[in-house]
Amino acid sequence: MTEKKLLMGNEAIALGAIEAGVQVVTGYPGTPSTEALETIARHAENCGIYTEWSSNEKVALETAVGAAYSGAKALVTMKQVGLNVASDPLMSLTYIGVKGALVLLVADDPGPHSSQTEQDTRAFGHFANIPVLDPATPQEAYELTKLAFEISHEFETPVILRTTTRVSHSCEDVQLLNPEPAPVNVSCEGFTKDRRWTIFPRLTAERHPLLENVQVQLSDRFSELPYNSVSGSGKIGIIASGVSALYVKEAVKGFEELFTLFRVGTVYPFPEKAALSFLKRIEKLIVVEELDPYLEEQALQLIGKSHLPVDVYGKKNGFFPVSGEYNVDIVIDCINKVLAELGENSSLSHAVPAVLRGELPLLPVRAPTLCAGCMHRTVFYAFKQAAKQLKKDSKVETIFSGDIGCYTLGNAYPLNMVDTCLCMGAGMSIAGGLSRTNPGAKQVAFIGDSTFFHSGIPAVINAVYNGADVTLAVLDNRTTAMTGHQPHPGIGLTVLGNPSKAIDISDVIRSCGVEFVRSVDIESLKNSLEDCIEAAKEAMEFKGPSAVVFKGRCVGITKSRIRFEIDADSCTGCGFCVKQLGCPAIFLPAGEDKPVIQDSCSGCGLCAQVCPSGVIRERGVKK
């Protein structure tokens with residue numbers, strides 16, 4: 001019995017995986033992919049599915065590979081930059097293949113909204129010879145997830161389900177075959193010893209021709225699937241995939257007789273037979289796709305190989321943006337640009353009116369900032385003061401290397417405490433490199449607790465092994481905060497809420513050979529700023545690798561009842577609290593000369609500790 005449910009794209013993927021019989025699910029949290037694993041985790045116990053947040057994407061994939069070698073159906077979830085971490089085992093896995101089924105949900109982030117890159121996973125699939133499915137809606141995401149498991153099992157290959165932010169986070173009524181997730185068959189064939197599972201150059205040489213042949217077979221199979229569809233009857237063709245195809249449908253609404261749209265749902269291997277049939281019906285081709293000109297290159301190659309008289313308008317000749325997220329207005333503008341070109345040089349000009357649109361108001365801009373009461377602000381401010389003291393006493397400058405997480409926002413005014421940020425776990429390594437080329441400066445690297453476990457430990461080992469004079473500040477707020485408060489190895493809970501061994505970060509750092517390791521519990525200290533400054537100074541004065549682990553709680557999870565207020569009668573209006581901290585709870589009202597503290601205050605008390613006049617105190621506490 002089928003039933004419709006309103007689902008987010010990631011939720012639809014999760015239910016599709018359960019329906020496909022997934023038995024092992026691993027991943028690392030990363031927006032916009034996170035909700036898929038979290039949804040499966042909610043059903044894991046009832047359905048008998050092993051589910052884990054792994055320490056990073058590489059480990060997640062390798063864990064899933066072990067399950068797939070045993071004949072199980074496995075799913076790995078990550079965002080596009082996580083694919084970089086997982087690419088090492090994945091590139092080899094394409095040659096070896098799998099026995100059960102292995103699907104990778106990789107969520108791209110055009111924009112980007114919450115990422116350091118705008119990678120296009122379609123191009124990665126082409127590079128690695130891995131089939132890539134590209135849904136446009138939550139309904140398609142649900143259906144293509146099941147197809148991905150079928151393809152993976154039949155062709156014994158990993159399959160990538162590539163989504164984008166708008167697909168993963170949009171909602172739609174999804175027609176479900178089984179509305180209530182049922183227990184899956186947890187049995188599998190088990191691991192059988194075979195030389196196939198051990199990759200050597202000779203095995204790679206043997207498997208590569210087979211791998212290339214599979215791409216041809218998949219291209220033919222994909223050409224027959226309904227997810228590669230043609231609509232319209234015009235001589236101007238448009239090819240699009242993913243959510244871009246929906247933008248096109250809305251953009252040309254009312255002008256369908258002028259266009260023929262080819263929607264591609266299985267982007268790699270490119271469905272050549274279906275595409276060739278489409279290209280023979282048109283005279284001009286518009287390519288609409290976010291990020292890389294992947295479809296454009298495939299179309300140009302096919303047009304050239306087949307000697308078709310079709311002109312192509314896309315990214316390569318400047319008709320569409322080469323980066324950034326698209327929307328309906330952008331697509332309309334770009335199609336109009338093509339239509340204007342055709343009006344000057346084409347016999348179709350008399351039949352090509354401009355596509356019109358209504359103007360929408362712009363959304364207000366909200367600058368990203370650390371939450372009111374965030375422990376990171378206290379640590380950043382403490383190191384800022386320690387660095388000032390170091391410069392005053394020893395004329396030594398300090399360079400601050402950051403990492404990926406909430407604390408990246410420490411680069412914003414007025415803190416200005418992140419001078420470099422590259423990728424997860426890179427802060428400590430970059431600080432080590434800077435120490436070799438800037439001998440007159442002190443190096444400080446900030447890293448979060450989850451990022452430390454993800455990829456920070458090797459950098460600590462490298463700093464000790466090579467004697468780098470760097471200070472590591474671990475911002476341990478007891479969660480993976482930036483992606484929605486997922487657990488990690490330092491918390492002592494699994495994704496299912498089961499207790500586990502909590503890995504102490506200080507112990508790990510000491511075991512790596514760091515001699516100076518201090519731990520500061522910000523929450524238990526009455527004057528946390530003073531203690532944080534002292535710990536920062538001691539660590540920075542130590543010669544060689546040093547570390548301070550600052551422990552607190554993310555204010556997004558733990559809400560304090562304490563609130564602070566400013567005594568307006570005693571306030572001098574110096575603005576120090578506003579100018580130095582950048583706390584969103586403190587602001588200067590228009591036309592006023594004294595700041596106020598809003599109800600969004602989380603009660604950390606940092607402002608009270610820095611106020612030079614001592615006029616900030618807990619609400620209800622008298623002078």
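Author: Glu-541 is exposed, with a relative accessible area of 52%, where buried means under 20% relative accessible area, exposed over 50% and partly exposed in between (1.4 Å probe, protein chains only). This is a predicted model, in which local features need pLDDT of at least 70 and side-chain atom pairs count only at pLDDT 80 or more, while totals for chains, interfaces and linings use all residues. Residues are numbered from 1 along each chain as its sequence is written, and side-chain values use heavy atoms, with hydrogens and water left out.

Glu-541 is found in helix H17, helices being DSSP runs of H or I with at least four residues and strands runs of E with at least two, numbered from the N terminus. Together with Asp-393, Glu-530, Asp-531 and Glu-534, Glu-541 forms a negative surface patch; a patch is made of residues with over 30% relative accessible area and no salt bridge, like charges being joined within 9 Å and nonpolar side chains (Val, Leu, Ile, Met, Phe, Trp, Tyr) within 5 Å. Helix H17, residues 528–541, gives the most to this patch, with four residues.

Side chains of opposite charge can pair when their charged atoms come close. Counting a salt bridge as a side-chain nitrogen of Lys or Arg within 4 Å of a carboxyl oxygen of Asp or Glu, the model has 24 salt bridges. In one of them Asp-134 meets Arg-162, with the closest N and O atoms 3.1 Å apart; Asp-134 lies in the loop between strand E6 (132–133) and helix H6 (138–155), and Arg-162 in strand E7 (residues 159–164), so that the pair links distant parts of the chain, 28 residues apart. Asp-134 is buried at 1% relative accessible area, and Arg-162 is buried at 3%. Both belong to a network of salt bridges that also links Asp-108, Asp-120, Arg-122 and Glu-289.

The salt bridge between Asp-504 and Lys-551 has an N to O distance of 3.6 Å. Because Asp-504 lies in the loop between strand E17 (470–476) and helix H16 (505–511) and Lys-551 in strand E19 (residues 546–551), the pair ties together parts that are 47 residues apart in sequence. Asp-504 is partly exposed at 29%, as is Lys-551 at 25%.

Within helix H16, Asp-507 and Arg-510 lie three residues apart, about one turn of the helix, and their side chains meet in a salt bridge at 3.5 Å, N to O.

Notes
Accessible areas come from the Shrake-Rupley method with a 1.4 Å probe; for residues, only the protein chains shown count as cover. Lys and Arg count as positive and Asp and Glu as negative; His and the chain ends are not counted. The place of a charge is taken as NZ of Lys, CZ of Arg, CG of Asp or CD of Glu.
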